[in-house]
Amino acid sequence: AAAFAIENWPTPIVFSGFEIGNKIMTGKRLAALPLSSPVRRAYELYNGVTDRQSWDQTAVLYAAQGLQGGLQEMWDLHTKGHLHVNQDGSNEWRGSPDKEHAYLVEKMAPQKIADVIEVRMMHQPAK
């Protein structure tokens with residue numbers, strides 16, 4: 001299914017790879033949120049409100065803002081080539097052919113990116 005989706009996706013795709021989110025640790029600051037916070041509760045249930053890798057958070061941050069939305073200091077984009085999904089479900093970046101695929105490349109220290117993400121995770125909506 002992943003191979004089919006990636007091969008047939010109708011718009012450009014930017015991947016936030018394992019190596020990006022693996023170094024960005026977020027979560028333990030959520031302990032300061034009110035007990036009623038759904039974000040805090042999710043972390044309590046998942047890992048006891050401790051830090052964990054931020055694969056999903058980096059993808060969501062990029063999807064919401066893009067590089068032009070203030071993330072140019074955090075990441076660059078590698079745009080040559082494409083993501084190929086192998087028969088066994090693993091994947092690899094191939095240099096050709098060139099498709100509308102790109103992946104994030106680290107520019108900023110992971111802890112600084114973690115701080116940016118956690119500020120957003122800590123945000124409490126107005127009542």
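This is a predicted model: local features need pLDDT of at least 70, side-chain atom pairs count only at pLDDT 80 or more; totals for chains, interfaces and linings use all residues.
A salt bridge is a side-chain nitrogen of Lys or Arg within 4 Å of a carboxyl oxygen of Asp or Glu.

Another joins Lys23 to Glu106, whose closest N and O atoms lie 3.3 Å apart. Here again distant parts of the chain are linked, since Lys23 is found in the loop between helix H2 (18–21) and strand E2 (25–26), and Glu106 is found in strand E7, 83 residues apart. Lys23 has a relative accessible area of 47%, so it counts as partly exposed. For Glu106 the figure is 36%, which also makes it partly exposed.

Arg41 is partly exposed at 42% relative accessibility, and Glu44 is partly exposed at 24%. Through shared partners, salt bridges tie Arg40, Arg41 and Glu44 into one network.

Now for the strands. Strands of a sheet pair through backbone hydrogen bonds, and they can do so in a parallel or an antiparallel way. In this model, 3 strands build an open sheet with mixed pairing, in the order E1-E7-E4. Strand E1 (13–15) and strand E4 (75–78) are the edge strands, so each of them pairs on one side only. Going from one strand to the next, the twist averages 30°. E1 and strand E7 (residues 101–106) run in the parallel sense, paired over 3 bridges. Across this pairing, Phe15 stands opposite Tyr103 in E7.

A further pair of strands is E5 (residues 82–85) and E6 (residues 91–94), which pair in the antiparallel sense over 4 bridges. Within this pair, His84 stands opposite Glu92 in E6. How many residues lie between E5 and E6 in their hairpin? There are 5, and Gly89, in the turn, has a positive phi of about 95°.

Key
Residues are numbered from 1 along each chain as its sequence is written. Side-chain values use heavy atoms; hydrogens and water are left out. Two strands pair if DSSP finds at least two bridges between them. Helices (H or I, at least four residues) and strands (E, at least two) are DSSP runs, numbered from the N terminus. Axes are lines fitted to C-alpha atoms, for helices over the stretch in contact, and angles run from 0 to 180 degrees between N-to-C directions. Buried means under 20% relative accessible area, exposed over 50%, partly exposed in between (1.4 Å probe, protein chains only).
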